[in-house]
Amino acid sequence: MNYTSIIKKFEKLYLKEPRVFRAPGRINLIGEHTDYNDGLVLPAAIDREIVYALAPNGTDTCRVYAMDLGEEDEINLNQIKVSEKRWNNYLIGVVAVLENRGIKIGGFDCVFSGNIPIGGGLSSSAALECGLGVGLNELFDLKLDQREIAFIAQQAEHEYAGVLCGIMDQFASMFGKENHVFRLDCRSLEIDYFPFKLDDLKIILFDTGVSHQLASSEYNKRRAECEQGVSFLQKNGHDDVSSLRDVSQEKLLRYKDELDATVLKRCLYVIEENNRVVLACKKLEEKDFEGFGALMYASHNGLSQEYEVSCTELDFLVDYTKDKENVLGARMMGGGFGGCTINLVKEEGIEEFIKKIESAYLKETGFQLKTFVTEIKEGAGKVPS
Ligand code: GLA
């Protein structure tokens with residue numbers, strides 16, 4: 001990102017010097033739709049980010065400027081309300097959650113810009129919310145720790161974007177570490193970092209260009225189906241079950257004839273996916289990337305067939321890679337219904353492979369595939385001046 005142009009824009013608009021903060025998007029290697037089931041995920045922060053230039057302005061009004069759109073808007077701290085400018089509602093969400101939690105901030109001036117593809121499943125919204133959280137924390141000396149900022153960002157997403165997301169995206173943006181993935185236990189919030197700097201392997205994202213029309217309603221529906229599974233077990237005397245994390249396949253299958261078939265399928269997927277994360281971490285420790293890749297394919301299969309959050313474009317991209325020698329693993333990533341696939345690919349012959357998949361995708365769908373070769377970077381923070 002070009003920090004200088006953002007700073008210059010800020011100085012031109014508000015005639016003072018800003019402080020600069022950044023928050024990255026994320027990938028998730030495996031562990032999809034497990035976070036809101038108290039499960040395990042394996043994300044990392046990437047080299048795509050949102051950058052904020054910020055300074056307090058001593059008033060009760062926040063002046064905000066979205067540099068990539070060339071649009072400005074305001075937030076009145078005495079009367080916080082939803083804006084017609086969609087992008088500003090993510091910022092307003094953070095400000096409102098702080099206010100509701102009794103955390104006092106003052107007015108501020110803001111310019112932000114980013115290079116995370118929107119709707120690509122790379123958590124541009126979590127980065128937008130976490131970046132502002134990190135910035136306001138420092139500007140107004142709020143003394144929030146990283147976890148608190150992540151939860152504030154998540155609440156903003158729930159209340160202002162209407163997606164009842166888990167905590168993975170916000171934690172990935174806040175706790176990412178360069179050249180590492182991390183296993184997050186979404187129940188205990190414990191984090192274990194694993195080195196992930198692979199000289200001859202690359203992580204490639206293929207963006208279908210299909211955006212999440214269905215995504216938020218279907219996402220919330222999946223979440224409700226998982227909760228239905230949990231409450232069914234509770235009603236059947238399993239008081240020890242507070243989430244799918246507490247349920248084994250065997251326990252669930254005891255009720256296979258009584259449970260709603262869809263709910264059964266969804267819950268089985270979540271249990272299997274948690275197991276896959278555990279196995280995938282073992283494979284990382286053993287440096288068995290072939291084995292790791294096979295688990296990615298199995299994850300995709302579950303997401304597509306059992307959890308039913310994939311789409312024809314994502315399935316096409318994953319299927320295409322299956323007989324390609326230099327691809328170790330591929331799967332859809334994030335909420336689903338569009339966005340990106342994540343691919344673990346050997347570096348040798350990579351350009352040829354990208355060319356071929358791009359032209360196959362164009363032929364199949366009429367869309368130009370967008371390809372990102374990603375690097376794993378550090379989580380959110382202040383940009384040194
Ligand atoms: C979205 C949500 C996350 C997570 C994923 C699916 O990215 O924001 O909390 O549930 O979908 O794994």
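1. A helix here is a DSSP run of H or I with at least four residues, a strand is a run of E with at least two, and both are numbered from the N terminus. On that basis the protein has 11 helices and 13 strands.

2. A word on the source: this is a predicted model, in which local features need pLDDT of at least 70 and side-chain atom pairs count only at pLDDT 80 or more, while totals for chains, interfaces and linings use all residues. Residues are numbered from 1 along each chain as its sequence is written, and side-chain values use heavy atoms, with hydrogens and water left out.

3. Now the overall form. A compact globule of 385 residues would have a radius of gyration near 21 Å, and the protein agrees, with 21 Å (taken over C-alpha atoms; the globule rule is 2.2 Å times the number of residues to the power 0.38). Along the principal axes, the C-alpha atoms fill a box of roughly 65 × 55 × 40 Å.

4. Of the 385 residues, 58% count as buried, meaning under 20% relative accessible area with a 1.4 Å probe and protein chains only. Among contacts (heavy atoms within 4.5 Å) between residues at least 6 apart in sequence, 71% join residues at least 24 apart.

5. A pocket is an open set of points on a 1 Å grid over the protein atoms alone, where a 1.4 Å probe fits, with protein on both sides within 12 Å along at least five of seven lines. Its volume is the space filled by probe spheres set on the points, which are joined across faces, edges and corners.

6. The largest pocket is lined by 48 residues, where lining means having an atom within 4 Å of a point. Nearest its centre lie Tyr90, Gly119, Ser124, Ser125 and Glu157. Elements giving two or more residues to this lining include helix H2 (86-100), strand E6 (108-114) and helix H6 (215-235).

7. Because domain 1 (3-197 + 378-382) and domain 2 (201-374) both give residues to that lining, the largest pocket lies between them. The domain bounds come from an automatic or database domain assignment.

8. The second largest pocket has a volume of about 190 Å³. Its lining has 16 residues, with Asp35, Tyr36, Asn37, Asp38 and Arg223 nearest the centre. Helix H6 gives the most to this lining, with 4 residues, and domain 1 and domain 2 each supply at least three.

Notes. Buried means under 20% relative accessible area, exposed over 50%, partly exposed in between (1.4 Å probe, protein chains only).
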